[in-house]
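Please look at the sequence and the structure before reading on.

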Amino acid sequence: MRGTCRLGVERERLEGEDTALFDVRCPRDQEGGPDVAHGGWTAAVLDECLGHVPLLHRVLSVTAELSVSFVKPVPVERPLEVRAWVERRAGSRWYIRGELVLLPNRALLAKASGIWVQRDPAHFDRHQRWLAEQDAEPGRGD
Ligand SMILES: CCCCCCCCCC(=O)SCCNC(=O)CCNC(=O)[C@H](O)C(C)(C)COP(=O)(O)OP(=O)(O)OC[C@H]1O[C@@H](n2cnc3c(N)ncnc32)[C@H](O)[C@@H]1OP(=O)(O)O
């Protein structure tokens, strides 16, 4: 699959059944320090890539948990790669891990693990109904 996104994911592909690879480049406007990515970009791109693994299996899911280790500063505007793989599945829960590396040497820059929960397409309609209830009953809080 080819395309671009605002996070700088340029290409994604499955490698075997349970691993996906993504060509990534941190855009200059995601800079958090001189020539290095903001940590929020690193977390977001790992969320995006790891969360695409269920989608590549035609499963709609949302992030329930995400843990990121920032190993080294991430340079902007350099070719990077995210590798994401399924560690295990339990019912509707996908336990996924991933790594962000600098090409061409594959130096490890960040790693992540998280849980994605399968949802049906009504997930966002359900959210809108919940939001309408919140608006109708300000102060309820649940
Ligand atoms: C249809 C999918 C389309 C996929 C493509 C878009 C990908 C988007 C990728 C993302 O950006 S995900 C964004 C970051 N993640 C989230 O927004 C997830 C927010 N959390 C949840 O929706 C739930 O906590 C979660 C589904 C992860 C938990 O599922 P569980 O099975 O562990 O718990 P449960 O279903 O009991 O839901 C926990 C609470 O969330 C509530 N909930 C679940 N789905 C909801 C919903 N759709 N709208 C409103 N509330 C919802 C649920 O009622 C309950 O509330 P209470 O504790 O008050 O009882």
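How many nonpolar, polar and charged residues does the shell around the ligand have? By class, the shell has 6 nonpolar, 4 polar and 3 charged residues. Here Ala, Val, Leu, Ile, Met, Phe, Trp, Tyr, Cys and Pro count as nonpolar, Asp, Glu, Lys and Arg as charged, and the others, Gly among them, as polar.

The model is predicted: local features need pLDDT of at least 70, side-chain atom pairs count only at pLDDT 80 or more, and totals for chains, interfaces and linings use all residues. Residues are numbered from 1 along each chain as its sequence is written.

**The ligand shell**

The residues that come nearest to the ligand, of the 13 around it, are L60, V62, A64, R126 and H127. A residue is near a molecule if its C-beta atom, placed from the backbone, lies within 6 Å of it. Both β5 (61–70) and α2 (123–136) supply at least two residues of the shell, and α2 gives the most, with 4 residues.

**The chain as a whole**

The chain contains 2 helices and 8 strands, in the order β-β-β-β-α-β-β-β-β-α along the sequence. Helices (H or I, at least four residues) and strands (E, at least two) are DSSP runs, numbered from the N terminus. The C-alpha trace spans about 55 × 35 × 25 Å along its principal axes. An unreviewed UniProt entry lists residues 36–101 as "domain: Thioesterase"; such annotations may be inferred rather than shown by experiment. That span is 27% helix and 48% strand, and its end C-alpha atoms lie 14 Å apart.

Of the 142 residues of the chain, 23% count as buried. A residue is buried if 20 or more other C-beta atoms lie within 10 Å of its own, exposed if 12 or fewer, and partly exposed in between, with C-beta atoms placed from the backbone. A nonpolar core is a set of buried Ala, Val, Leu, Ile, Met, Phe, Trp, Tyr and Cys residues joined through C-beta atoms within 7 Å. The largest such core holds 23 residues, of which L46, C49, L50, V82, A84 and L100 touch the most other members. Its largest share, 6 residues, comes from α1. Not counting residues up to four places away in sequence, L100 touches T42, L46, V74, L80, V82, L109 and A110; contact requires C-beta atoms, placed from the backbone, within 7 Å.

**Paired strands**

Two strands pair if DSSP finds at least two bridges between them.

| Pair | Bridges | Residues between the strands | Opposite residues |
|---|---|---|---|
| β6 and β7 | 10 bridges | 2 residues | V86 and I96 |

Most residues other than glycine have a negative phi, and most peptide bonds are trans. D35, in the loop between β3 (31–33) and β4 (36–37), has a positive phi of about 65 degrees. This residue counts as partly exposed because it has 13 C-beta neighbours inside 10 Å. R106 lies in the loop between β7 and β8, and its phi is near 60 degrees. With 12 C-beta neighbours inside 10 Å, R106 counts as exposed. P104 also has its place in the loop between β7 and β8, and the peptide bond from L103 to P104 is cis, with omega near 5 degrees.

Note on methods:
Two residues are in contact if their C-beta atoms, placed from the backbone, lie within 7 Å.
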